[in-house]
Amino acid sequence: MPLGEQEQFLSYNGEVLIFQLPKTKHVEGAADKTVNLHVRRMAFDRDTKLFVQKSSGVFSMRASHLKIEIICCSCTTDSRTGIILPCVLMKKKKRNNVVKYLLLLLHSSNQFEQSFHFKLDYELKEDIRLFTGPSVLWRHANKLFYISCDTCTVLSAPVQLSSVVWTGEIEGEGTVVLGIRTACLPESEDEDEFSTSDRAIWGSEFFGYAIETQKMLTGTCFMPHAHSRVVSSVYVCKNEILKKQLRISLVAITHKNQLIWFQDGLPKGVCELPYEKPCSIKTAVTSSNDLLFIVSFASGNICVVRRRDSLQVASKWQKVKSVLVDDFIGSGSEQLLLLFKDDSNTDVLSTFKITDLGAVNYASGINYKHDIPAAEGLQENGLLTVQALETRLQAGCTSVQELQQHLRLKKRVILESCRALIDLVEERTHILPTAKEVKCRREYRSLLNSAEPFEGLVSLWDDVENPPHSLSKETSLTTKVPEHFTEKLWQRVVGDSLVIGVKLIESFYLSLSDVSLSLVMHQDFSSISPIIECQNKIIKLNKAASALAVSSCQIEPPPKKMKLDLHSKNDLKKEFPKRCSRVQLDGAKTVIAVTNLSPLLAFHRVCCVVLLHAKKQKHRNDSLQESKKITVLCGKILLSLEDISNGKYSVKMRRDNSYCTGSMEDILAVLAVSVRFSFQIVSSDCTLTPVKSWLLGEMECTPFKECHDNIFCHKAGNVYGTVFNWTLKNPFEGVLTLFCRNLTVLFQCLHSLTRVLPPSCDVKLLRSASKGVLTEQLALALEKEMLTWRSSFFSKESKAENSLTWGKEPGKKISDAPVASLLDSEEGVQQFRTKLQNEREESMLSMNQTMNGALYQEIALKIAEAQLSSDRIVWRLS
């Protein structure tokens, strides 16, 4: 740039406009002369990677006794055509301190048009803005003045202000000026008390003024009053009217070297700026849809802040003469053009950089002309590839967000269902939130700036007075159960497990099947599910015969037949929940639930509701059972860290006169948390007397006082607490059952046992029961299956025979007379042939019988149940 020349840079439609004006000085006695304002249109050439001049223009002004300067330039809307045009504000200063201002419009033909001019007795120095019209706005002596091409008269706004931070268009309000002024406290009592107190404390307030309507806008819809003292510049990113309310997003830079993001008057994020004295802010939207904030500083430095999950400085530069934002390379998105200070070169666009902080990155000083042609193609292909990958990444992020929202909704559905279950158990009416309540909660959460969307749950039938029949039926099932059927509810702590047992009265318990327990936290925890995951076991402990059996979760055999599901008869519907599937009671008296203890201790004190789920059976005339599901409240248990530390629920196993004095609950608790293994031991050469000696000697076992054949191991180490059951069928064969904590303990016990057994012994692991017991159960199951077939199709008293419709009534059968007597004569032979043909026809007609569909389904259900029972036992034997 030649010495004594002014320059202004402006971006317009992807081009760089350079306005140049020589500085003029008044000389005594000098003749009148002309001063020319030059403009050059520069465009970026993607082939040479340099800026080239496309066209130029000039505007001549008389400079007699005047000093001419360029005040500012901007792109504004021409109200006559609605077209955005470059606009330049010029100043001519005379001797008598009268200042004349001209506003020029630049058209596409490079012709300048003088829009209007005005005179003032002072110079414009503070907060000068160009906006739609074109119009000029400025601040002088803490007052706001403006002039437009329509009025051509300087107007004054009725507001006092200390600074103007933004001027632009806001939907529904027109041109709005945002500024800061001394707080004006209202005298009326209708104003918000909090807003009034904030203004009184901070002494200043942020406000908006609509020029066309001369209307004052409340500053709190832009930002809180507390920020008004530190804000130096603002950029409104988005404004719209939703549900008759103005929604505004803006960023502001402060004197504290911060950039703050505001959404609807509330701060959403803040970023520390790397330099001091920020003075202006711009925005750019890149090809990856990133929103960049370009902050300029008084020292000539520039920094870019990226807004993604949070505000953070993405890049920074020093010694920048000017920064422009536009689509300089014609890619359809915006880039930054940085013009650097370079005293060694007079060309204004000699040192520059074009970037979008992504794939676009052009800089001066690189010799692109000597690059191989393939390099340019690779750069273009790389740009397209990066854009495609970024698009896929954004689509993936959107999918992840949708999945997260879906998971949050499922979590709320589960929590609401758990609350409904608790209310059902405690005989309270559960009321789902109405749509109006959900809306209020969502608005409340939005005011609290929650980033997580609130998903409301409302009733699908919305205030139905009479619930569906199925719901009322389920409720009646619970109320018809006898109140006092629980003989005892107890709890024990074994290691890291909590054991809860329910002992039922015998008369009521024998009418149940598929029994399991559920634990529900009584407290209302909104962040976790109140349902406690647990494992169920049913234990039968016979004191007299010293027999021990544990029914636990077992794997079902692979399905061999299609299972039926008939409306209210779900006896054959096999599911695989986290608890055990289907367990037969067989006279068992105690149902036990085992759960992990450590998660419950995180709440210090926990109250749990114990629910029993079962099928109540009814015997019918044909000895088959009809069942329906019930849910019964057994009681509540309290659990606290103090009680556990004091050993209140600990298992106490002590020796007393060669016996283990553990109570029945202690024995059941130890068995419940243990893993059961049964081994068949067969010796062909010698008796198995060493096994009992090994148990009582090396393993230091003592029998339980409650059931003698079950013995408890007191040996120190990992094997302590293992329970053994040794059953000797004959001197050469027996079954050893171990209840141990884990496989390590099992291997230690077997290793110790193999050292005392004779070498010829054969040790075989039994799956779940002895082969003889399973064989007997299979025989009974097959017998039941055969009787089911017989009673369903061949019993005269069955419903099936009464509902059958035969095609023809059968006639009399062939008499029992000897066949030889009928064949003695031709008439007898003919009679035999006729009767034989009749019986054959009747037999064929009997094959076309019909049966009621409901009756057929009932028969098929009974047969399938019997077949599945026998198949399950066969699978266990295999």
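**Close-up views of a predicted model**

View 1. The model shown here and in the following views is predicted. A search for disulfides comes to a count of zero, and C73 accordingly takes part in none, the nearest cysteine sulfur being that of C72 at 7.0 Å. That separation can be set against the limit for a disulfide, which requires the two sulfur atoms to lie within 2.5 Å.

**View 2. Accessibility of cysteine C397.** C397 has a relative accessibility of 39% and counts as partly exposed, because this class covers values between the 20% limit for buried residues and the 50% limit for exposed ones.

**View 3. The open sheet of β17, β18, β19 and β20.** Four strands make up an open sheet in the order β17-β18-β19-β20, with antiparallel pairing. Strands β17 (residues 231-242) and β20 stand at the edges with a single partner strand each, so one side of each is left without a neighbour in the sheet. Direction ignored, neighbouring strands of this sheet are turned against each other by 15 degrees on average.

**View 4. Pairing of β19 with β18 and β20.** Strand β18, which spans residues 245-254, pairs with β19 in the antiparallel sense over five bridges, and S249 has Q263 of β19 as its bridge partner. Strand β19 (residues 258-263) also pairs with β20 (residues 266-272), again in the antiparallel sense, over six bridges. Within β20, the residue standing opposite Q258 is E272. Two residues lie between the strands in the hairpin of β19 and β20, where D264 takes a positive phi near 55 degrees.

**View 5. The largest nonpolar core and the contacts of L639.** The largest nonpolar core has 26 residues, and those with the most contacts inside it are L498, L517, V610, L612 and L639. Two or more residues are given to this core by each of the elements β30 (497-504), β31 (512-521), β35 (590-596), β36 (605-619) and β37 (625-640). When residues up to four places away in sequence are not counted, L639 touches Q491, L498, L597, L600, H604, R605, V606, I644 and Y649. Another core, of 24 residues, lies apart from the largest one, and its members include I681, C713, C740 and L753.

Methods: Residues are numbered from 1 along each chain as its sequence is written. This is a predicted model: local features need pLDDT of at least 70, side-chain atom pairs count only at pLDDT 80 or more; totals for chains, interfaces and linings use all residues. Side-chain values use heavy atoms; hydrogens and water are left out. Two strands pair if DSSP finds at least two bridges between them. Axes are lines fitted to C-alpha atoms, for helices over the stretch in contact, and angles run from 0 to 180 degrees between N-to-C directions. A nonpolar core is a set of buried Ala, Val, Leu, Ile, Met, Phe, Trp, Tyr and Cys residues joined through side-chain atoms within 4.5 Å. Buried means under 20% relative accessible area, exposed over 50%, partly exposed in between (1.4 Å probe, protein chains only). Contact means heavy atoms within 4.5 Å.
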